[in-house]
Amino acid sequence: MRYYLITTHLRPKFYRASGSVVDVELSYVDKKVVRTLNANGELSIQTIEGRRGSDSLSIASGTWMIRNMDDAIATLEKAAVYPFESKEAARQHAKQLEIASFKYLPVP
């Protein structure tokens, strides 16, 4: 799992490796359906809902409510925003830059 460092805003901004903050325009959805299998191979379906409208949540129940993951990652790369290889690497980097307030955004 990789991790972006993000601000704590409802619609977060992203931290670059330099510690600067950038507001990247991404396309979010109001609802996602997550399908997973348990150890017995039984299918579980969970519907995750954010908020409607322009202030919709970009993260709901720990899920990034992005329309298309590959497009979002490409857009972030164009803005010089890259994920860290681990949560610990992200934490250490934030500590080095003395970033006091941030969240982790996991990316598969």
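**Exercise 1.** With which residue does glutamate 88 form a salt bridge?

*Solution.* Before we start: this is a predicted model, where local features need pLDDT of at least 70, side-chain atom pairs count only at pLDDT 80 or more, and totals for chains, interfaces and linings use all residues. Residues are numbered from 1 along each chain as its sequence is written, and side-chain values use heavy atoms, leaving out hydrogens and water.

Step 1: recall that a salt bridge is a side-chain nitrogen of Lys or Arg within 4 Å of a carboxyl oxygen of Asp or Glu. Step 2: the partner of glutamate 88 is arginine 91, with the closest N and O atoms 2.8 Å apart. Step 3: both residues lie in helix 2 (residues 87-96), 3 residues apart, about one turn of the helix. Helices here are DSSP runs (H or I, at least four residues), and strands are runs of E with at least two. Step 4: a search of the whole structure finds 1 salt bridge.

**Exercise 2.** Find the buried residues of helix 1 (residues 69-78).

*Solution.* Step 1: buried means under 20% relative accessible area, exposed over 50%, and partly exposed in between (1.4 Å probe, protein chains only). Step 2: Ala72, Ile73 and Leu76 are the buried ones. They cover an arc of only 95 degrees around the axis, so they sit on the same side of helix 1; the arc is that of the directions from the helix axis to the C-beta atoms. Step 3: on the face turned away from this buried side, helix 1 carries the exposed residues Asp70 and Lys78.
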